[in-house]
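This briefing covers selected features of a two-chain model, grouped by topic. Please read it alongside the sequence and coordinates.

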Amino acid sequence: MPAVQETIERVRRIDVDQYKYGFVTDIESDKAPKGLSEDIVRFISAKKTEPEWMLTWRLEAYRRWLTMREPTWARVDYPKINYQDYYYYSAPKRKALASLDEVDPEILATYAKLGIPLREQEALAGVVRPEGERRVAVDAVFDSVSVATTFQAELKKAGVIFMPISEALRQHPDLVKKYLGTVVPTSDNFFATLNSAVFSDGSFVYVPPGVRCPMELSTYFRINEKNTGQFERTLIIADKGSYVSYLEGCTAPMRDENQLHAAVVELVALDDAEIKYSTVQNWYPGDAAGKGGVYNFVTKRGDCRGPRSKISWTQVETGSAITWKYPSCILRGDGSRGEFYSIAISNGHQQVDSGTKMVHLGRDTSSRIISKGIAAGHSNNTYRGLVSAHRKASNARNFTNCDSLLIGDKCGAHTVPYIEAKNASATFEHEATTSKISDDQLFYCLQRGLSAEEAVALIVNGFVRDVLQQLPMEFMAETQKLIGISLEGSVG
Amino acid sequence: MLEIKNLHVNVEGREILRGLDLILPQGEVHAIMGPNGSGKSTLAYVLAGKEEYEVTAGTVIWKGEDLLAMDPSDRAASGVFLAFQYPMEIPGVATMTFLRTAVNTVRKARGETELSTPDFLRFVREKAKLLKIDPEMLKRPLNVGFSGGEKKRNEILQMALLEPALCVLDETDSGLDIDAVRIVAEGVNALRTPDRAMLVITHYQRLLNYIVPDRVHVLSDGRVARSGGPELALELEESGYAEFEAA
């Protein structure tokens, strides 16, 4: 590929030391004291040199948050969170490691199983090569930078804006102001309101009318994945007739030690536009005894604002100690369509309460929900979903299929579907099954030479196949392996 | 090759095998016959290592090793293959995917190289043709919605692909019409080699018209009650199992 080669040449001419220095400076300067107050909110906004209206927006959210109560309706159980005991602003501050020898061997074993190249392993684990060996690290940087730069050029040519939201606030303030908080308002819920006050960064995507984003934004992300911090804010706008596919997360285990995560993702699809949003989440689930692990309280919502628009969520959730997450679609435009495909795996002492909301507002809107929950170990896995048709939503259609698979006899699977139809012409279908991997199925696989773990991985991959097929191609194989890894130790 | 001595096996607290002795030399095909409840299927499951089958006494020596001490998957790697009477369904897993996983896992365990995708496909197509298996069937989820005949042919296909040293066929003819029995039997006969032993478990003599055994053993009440040549099967066809029914 000559384009890539050209970029590599160009990057080679950049002063690498300067690049590296800039990175280090960032790390050192980005810190705020513990706790949450108006001053901290001002500090964050100032750090980002945000416009005045953004600060006002944050402060309003903060004041609102002070009056709100943490929700308790989910089937999850955790000690009370002291919100003054967290850092609300700190850049990725991992301990610099000299080589992969210093990395937890368990993580390395996982990388090997996933088939991740050595260079990428070093980058993910945060290895910084010492002075004498800089060549190696530099090469690794080259690999990422060159590809990333090529992608950026291609995106620019298509008119696609893809940058950190903090950057977008400076370069495209009008676009951000027009759409931010229009899908998930600052007053939406406890965690979303907290996020609105203190969000650190996230992605901003704008696809202009009629443009089909020339690449899966996942391809780019895969290379640039960094520790994105506790309070991510993502805003994606697909203008009329455009299409974009976005994948967040990474199949390699990012041992994120931040305990509390409260992200917000807003999607806006205008007339005839389509957004496909995929997530692979495998944060630290806690140890075998259920200690530690990430609390993941996320608000994700898409607004099918224009007629015939379409938003599709695909999620693979294997990590976190607690997951509280309901990616939803507001089907406002006539003829719009929402989809939710989910694989949620819980093992050990993980607790998952996840599902979706499909809110049918426009005429001839349709939605489809395919949820596959797999519970192993001592975990609890709940599907919670709402499908509603409002008065004007004539001919609304929904098909829901919730399947649960149990492995062992100490876990739980729960399904809590809410269905509300205020328009008599709505057609809602709901199917649900709960099954267990049978000893006979396992034995059949063992007799053919598979180990117990390989057998479980194979059976589970079969169980989730409909959803796996929704993932971008290049992630399917890795996700299949990831499923096997997250279920290790669940049998025998 | 396979030597079973004084084997006692309990299933859910009930003694099913009560001192079974059997020697199966390399390259031979032995038929196990007997009335319902005589322990035929129990013997098959015990050899494959199913957990609920508790061995209370006796030994099974396989290629000079203690078979009973091995895990089910290690037994498979060492060449023990069981063609199930009721093959399990695994939804969502394409038959081809399952076959490839099994073949490569076993090859790896035996220290052989894994087959590349084209090599594997060629290998499967060749064996499937012999068993008159439609390649379309291999795209469907494993055994899901398969007819009785398709399931049994799929078992023999796996047997051909995994190249076992000991084949245990548990009532492979049950539920099959005569044409299907013939196809399955041809598949089995194609696998008869001087270095492979087979244990063909069947209730009816019919299958043995097509797979002619070297020896026939009649099981009764958890033991081998009588052994003989292929003519014993014909004799049973005449007289039935009346003399072997548990007293």
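In helix α7 (residues 231-239) of chain B, the buried residues are Leu232(B), Ala233(B) and Leu236(B); buried means 20 or more other C-beta atoms within 10 Å of the residue's own, exposed 12 or fewer, and partly exposed in between, with C-beta atoms placed from the backbone. Viewed down the axis of α7(B), these buried residues fall within an arc of 100°, so they line one face of the helix; the arc is that of the directions from the helix axis to the C-beta atoms. Helices (H or I, at least four residues) and strands (E, at least two) are DSSP runs, numbered from the N terminus.

The model is predicted: local features need pLDDT of at least 70, side-chain atom pairs count only at pLDDT 80 or more, and totals for chains, interfaces and linings use all residues. Residues are numbered from 1 along each chain as its sequence is written, while chains are lettered from A and ligands numbered from 1 in the order in which they are written.

**Surroundings of α7(B)**

- Glu231(B) and Glu238(B) are exposed on the other side of α7(B).
- The packing partners of the buried residues of α7(B) are β3 (29-33), β11 (215-220) and β12 (223-228) of chain B, where a contact is a pair of residues whose C-beta atoms, placed from the backbone, lie within 7 Å.

**Chain B overall**

- Chain B contains seven helices and twelve strands.
- Its radius of gyration is 18 Å, close to the 18 Å that the globule rule gives for 247 residues, so chain B is as compact as a globular protein of that length; the radius is taken over C-alpha atoms, and the rule is 2.2 Å times the number of residues to the power 0.38.
- Along the principal axes, the C-alpha atoms of chain B fill a box of roughly 55 × 40 × 35 Å.
- Buried residues make up 43% of the 247 residues of chain B.
- Of the contacts in chain B between residues at least 6 apart in sequence, 72% join residues at least 24 apart.

**The six-stranded sheet of chain B**

- An open sheet with mixed pairing has the strand order β6-β9-β10-β3-β11-β12 (chain B); strands pair if DSSP finds at least two bridges between them.
- At the edges stand β6 (80-83) and β12 of chain B, each with a single partner strand, so one side of each is left without a neighbour in the sheet.
- Neighbouring strands of this sheet are turned by 20° against each other on average, direction ignored; axes are lines fitted to C-alpha atoms, for helices over the stretch in contact, and angles run from 0 to 180 degrees between N-to-C directions.
- β11(B) and β12(B) run antiparallel and are joined by five bridges; Val216(B) has Gly228(B) in β12(B) as its bridge partner.
- Helix α5 (residues 148-162) of chain B packs on the sheet and touches β6 and β9 (166-170) of chain B, its direction making about 165° with that of β6(B).

**Helix α1 of chain B**

- Helix α1 (residues 40-48) of chain B is mostly covered, with nine of its nine residues buried; among them are Lys40(B), Tyr45(B) and Leu47(B).

**Strand β2 of chain A**

- In strand β2 (residues 203-207) of chain A, five of the five residues are buried, so the strand is largely enclosed by the rest of the structure.
- Ser203(A), Val205(A) and Val207(A) point one way from β2(A), and Phe204(A) and Tyr206(A) the other way.
- Strand β1 (residues 161-164) of chain A runs antiparallel to β2(A), with four bridges between them, and Ile161(A) is bridged to Tyr206(A).
- Strand β3 (residues 233-238) of chain A runs parallel to β2(A), also joined by four bridges; there the bridge partner of Tyr206(A) is Ile237(A).

- Most residues other than glycine have a negative phi.
- Arg308(A), in the loop between β8 (295-304) and β9 (310-317) of chain A, has a positive phi of about 60° and is partly exposed, with 19 other C-beta atoms within 10 Å.
- Lys132(B), in the loop between α4 (117-130) and β8 (141-142) of chain B, has a positive phi of about 55° and is partly exposed, with 14 other C-beta atoms within 10 Å.

**Contact between the chains**

- Contacts link 17 residues of chain A with 20 residues of chain B.
- On the chain A side, α12 (439-447) and α13 (452-463) each supply at least two residues.

Note on methods. Contact = placed C-beta atoms within 7 Å.
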